[in-house]
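Dear colleague,

I am handing over the structure we spoke about, and I would be grateful if you could read it alongside the notes that come with it.

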Amino acid sequence: MTSWLSPEDWQALALSLRVAFLSVVFSLPVALALAWVLSRKRFLGRTLVEALLFLPLILPPVVTGYALLALLGRNAPVGRMLADIGIVFAFRWTGAVIAAAVMGFPLLVLSIRVAFDGVDRRLEAAAETLGAGAWRRFATITLPLSLRGLAAGCVLAFARAFGEFGATISFVSNIPGETRTLPIAIYELLNVPGGMPGVQRLSLVALFVALAAAASATLIAGGVLRRGSANE
Amino acid sequence: MRHAFADLDLDVAFRADARTLALFGDSGAGKTSILNAIAGLLKPERGRIALDDRVLFDSEKRIDVPVNERRVGYVFQDGRLFPHLDVRANLLYGARARREHARTDFDAVVTLLELAPLLRRTPSNLSGGERQRVAIGRALLAQPGALLLDEPLTGLHFEARRQVLEHLRRLKRELRVFTLLVTHHADEVAALADEVVLLAAGQVAGRLARDDFVARYLAAAPETAV
């Protein structure tokens with residue numbers, strides 16, 4: 001295996017795994033909060049929030065990448081402010097994390113929201129009569145009983161982030177060792193004479209990761225890997 | 001208190017002087033709604049709810065104590081045990097939520113309700129009667145000022161019903177917690193209640209002492225209440 005993939009291949013794979021993992025880790029708190037609000041609360045503007053949530057799934061990814069550039073690029077309003085305090089995302093691997101997080105966010109929120117919807121609210125009411133405040137009910141009842149859906153959502157978001165291309169290449173470009181993720185490496189090899197063997201190698205790796213993620217998500221959602229029991 | 005539902009106008013007023021008060025009436029009379037209002041799970045349109053000197057709800061004075069601060073132990077008709085926690089964790093949930101050492105000793109409740117063999121089981125591995133006993137124990141260990149029992153024996157087969165009833169009698173003997181029992185079974189009232197409020201179509205239809213209730217509703221010789 002070590003000779004089958006070149007050092008550049010390993011670099012791209014490692015970067016993709018790191019980017020995908022971190023994109024889920026940093027998205028998760030926001031996704032949990034938004035999913036809870038959408039599951040439990042009725043408020044003015046809810047439809048607009050749900051529509052905005054779907055945008056990364058519907059917009060061409062390259063448009064999402066352009067939007068990130070317009071907001072967080074070095075010469076963009078927010079990007080300039082962040083650069084003043086030493087935080088730069090454009091053309092950095094951290095920007096790839098942002099792009100991947102944005103693209104995976106809708107899947108994460110939707111999965112978690114479905115999981116929250118599935119928690120019997122009568123159990124939360126019972127916990128409330130036993131003296132549990134809102135945070136305690138969330139931590140001891142809602143979260144444990146939705147862990148399976150949450151885990152499946154994380155796996156799906158990870159897989160989406162791993163395969164992210166359009167937004168990433170628009171926002172952070174293709175810089176070997178910095179932003180050259182696996183999908184970008186495959187695209188680059190497609191445009192290089194004699195690059196087909198590399199395309200095939202990396203495509204197999206991508207296929208393996210995608211299959212592993214899909215199988216994990218299916219197993220978790222199907223309850224084979226017991227993380228949280230279903231409601232009574 | 002008053003509250004309008006789609007199919008019922010609830011308008012009740014009563015005071016509990018007895019240690020165990022039963023709300024007796026047919027399904028749909030509003031019994032569970034009264035318990036929900038006392039627990040804070042239902043906000044009446046108008047009215048006043050007080051437990052001893054504590055006002056839990058007063059529509060005129062705009063008092064509405066949050067559910068988790070009302071200190072009522074609610075035993076739901078469907079049990080509502082937490083499926084991801086074992087029996088021990090279910091029992092201690094309320095005591096931990098309130099961060100206090102249970103005055104009503106854990107061991108005493110476990111002994112009274114014969115829960116010791118069940119402590120490591122999860123609710124999915126309990127029978128109906130066992131689930132109800134755990135639900136009662138959980139409510140008691142949360143140190144309630146009042147215990148609300150919503151049809152505690154409904155859905156249980158004969159033997160389980162007999163056992164849970166016996167446990168409730170024992171609890172009444174051993175513990176001094178005001179209990180509000182909701183039921184449409186006269187024998188439960190006879191076994192547990194000191195006084196009975198009759199409900200019909202959302203209204204209080206009468207009030208009887210236990211013996212008078214037995215004379216009116218039970219044809220057989222009454223069981224001696226404990």
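This is a predicted model: local features need pLDDT of at least 70, side-chain atom pairs count only at pLDDT 80 or more; totals for chains, interfaces and linings use all residues.

Residues are numbered from 1 along each chain as its sequence is written, while chains are lettered from A and ligands numbered from 1 in the order in which they are written.

Chain B holds seven helices and 11 strands, taken as DSSP runs numbered from the N terminus (helices H or I, at least four residues; strands E, at least two). Its radius of gyration, taken over C-alpha atoms, is 17 Å, close to the 17 Å that the globule rule (2.2 Å times the number of residues to the power 0.38) gives for 226 residues, so chain B is as compact as a globular protein of that length. The C-alpha trace of chain B spans about 45 × 45 × 30 Å along its principal axes.

Within chain B, an open sheet of three strands runs in the order β4-β5-β6 with antiparallel pairing, where two strands pair if DSSP finds at least two bridges between them. Its edge strands, each pairing on one side only, are β4 (48-51) and β6 (63-64) of chain B. Four bridges join β4(B) to β5(B), residues 54-58, and Ile49(B) stands opposite Phe57(B) there.

The contact between the chains takes 19 residues from chain A and 19 residues from chain B, with two residues in contact if their C-beta atoms, placed from the backbone, lie within 7 Å. On the chain A side, α6(A) gives the largest share, seven residues.

Best regards
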